Amino acid sequence: MSVSTQTIQSLDQFTKQLYAEKVADLVPDFELLMKSIPFVTAEKQAGGDYVQPVILSRDHGVTFHGKNDAQLKLEAPIAAIIDSASIRPSAMTMRAMLSYTSASRLTGGPRAFVNGTSYVVESLVQSFAAIMEQIHWYGGMGLGKVKGTGGLVGDTIEIDAAEWAPGVWVGGEGMMLDVFNGTVKVASVEVAQVDITNKKLTLASAAALANNVAYTLFRKGSYGLESVGAHYILNNAGNLFGIDAAQRKLWEANKYAVSGALSFQKVSEGISRAYGRGLLGKMKLYVSNPTFSSMFPDFNTVKSVADFSGSSANPFASRNFPDAGSVKTLEHGVNAIKFFINSVEVEVIASPYVKEGYAFGMSEEGWTRVGSRDLSLGTPGMAEGQYWLNASEYSALELRAFTDQALFCTKPARQILFTGITN
């Protein structure tokens, strides 16, 4: 049994008209990296990689002529080191289905189509965007780690607090996970229940797991095949995208061990490291929701000693911050805190995808999403304007979403990874 070609053509037409050009609008605001980092289609080289030249040192061939041209001979040029980073995007496909019965009732016009398919299309795009956001944060690192001591009780595992991000797990019932001990996969498990409050996952069965092991959790099938995320990029101290950070130090991000609550003072100290390595302009500091809340008392202390005039003030004048002589801005509200350190405008943003033990200082310069195709409906090889096809295994139509992309940073030395945060 299948639906008629005319029905599929009608559904394709409505999909193109109502959804295909507006996929980005369906991505929730929680997917901050998807929303804020532009997608760039770079030129693909042989082998499927995208190659990007990056600057790894400065020019140094300067000649000092002295008074009255005492030295006329030019020094030999010492050119900046420019290398090529090679990025391999990660291609992903996600499927959704619509029963034949439902499909046959949706050809009466756009209103009937929207009423009958919005839950399918929006769920597909939003679910796919959530997975892509998780990969952009933690690709290559894992979605979380099981608490090493007493982390397994029956079929319930407890995620280590530092590794917990509620945005990764909310709505996670039915998610399939691969469980790794180091680089060895020990089990594939299904999430039966998510306890957001207590940072626990109940599995359909945890028979293959042992207690007192700090397992790392990956989405099923992703290990070794997903592109690397911001955490992996900022944590790197070795070879990444074909360049060795041990040899080219501008290819290594700054790391700051907080060892406690993240305060404005510690943010300032972390930023001072990146400032000395080229950070200027604007930086977004992504923190977990608990970290964002814990920064408010410190924010209020800063505000209380500042001489506010409207929304502009110098909140650091009495705190011995590096830019204490300047008039800067401190804005407060529901979504973000904005302040200035070392002439760097820092916007603190809470994200449910940020793990509680970390914060990510990401300069607005240097980040792109690179690949052949951003998140979109349909897949390569399908005809233009074709979105729906018969599902071979079911009496249903199938809608697919596809992307081929990777997160890429050309200026790691201007970024900061804050670790060891406790709230």
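**Surface and burial.** Of the 423 residues, 47% count as buried, where buried means under 20% relative accessible area, exposed over 50% and partly exposed in between (1.4 Å probe, protein chains only).

**Basis.** I note that this is a predicted model, in which local features need pLDDT of at least 70 and side-chain atom pairs count only at pLDDT 80 or more, while totals for chains, interfaces and linings use all residues. Residues are numbered from 1 along each chain as its sequence is written, and side-chain values use heavy atoms, with hydrogens and water left out.

**Secondary structure.** I recorded 9 helices and 25 strands; helices (H or I, at least four residues) and strands (E, at least two) are DSSP runs numbered from the N terminus. An open sheet is formed by 7 strands with antiparallel pairing, in the order β5-β11-β8-β9-β10-β7-β6. Its edge strands, β5 (144–145) and β6 (152–153), each pair on one side only. Two strands pair if DSSP finds at least two bridges between them. Between β9 (residues 184–195) and β10 (residues 200–203) I found 4 bridges in the antiparallel sense; valine 194 has leucine 201 in β10 as its bridge partner.

**Helix packing.** I then examined α1 (residues 5–18) and α5 (residues 110–138), whose axes come within 10 Å and cross at roughly 85°. Therefore α1 is roughly perpendicular to α5, a term for angles of 65 to 115 degrees (under 35 is roughly parallel, over 145 roughly antiparallel, the rest oblique). Axes are lines fitted to C-alpha atoms, for helices over the stretch in contact, and angles run from 0 to 180 degrees between N-to-C directions. Among the residues of α1 that meet α5 are Leu11 and Phe14; the α5 side includes Phe113.

**Cores.** The largest nonpolar core has 56 residues, and Trp137, Trp169 and Phe360 have the most contacts inside it. Such a core is a set of buried Ala, Val, Leu, Ile, Met, Phe, Trp, Tyr and Cys residues joined through side-chain atoms within 4.5 Å. A second, separate core of 32 residues includes Met34 and Ala401.

**Serine 351.** I located serine 351 in the loop between β20 (344–350) and β21 (359–363). Serine 351 counts as buried because its relative accessibility is 0%. Not counting residues up to four places away in sequence, serine 351 touches Phe30, Leu32, Trp137, Val287, Ser288 and Asn289, contact meaning heavy atoms within 4.5 Å.
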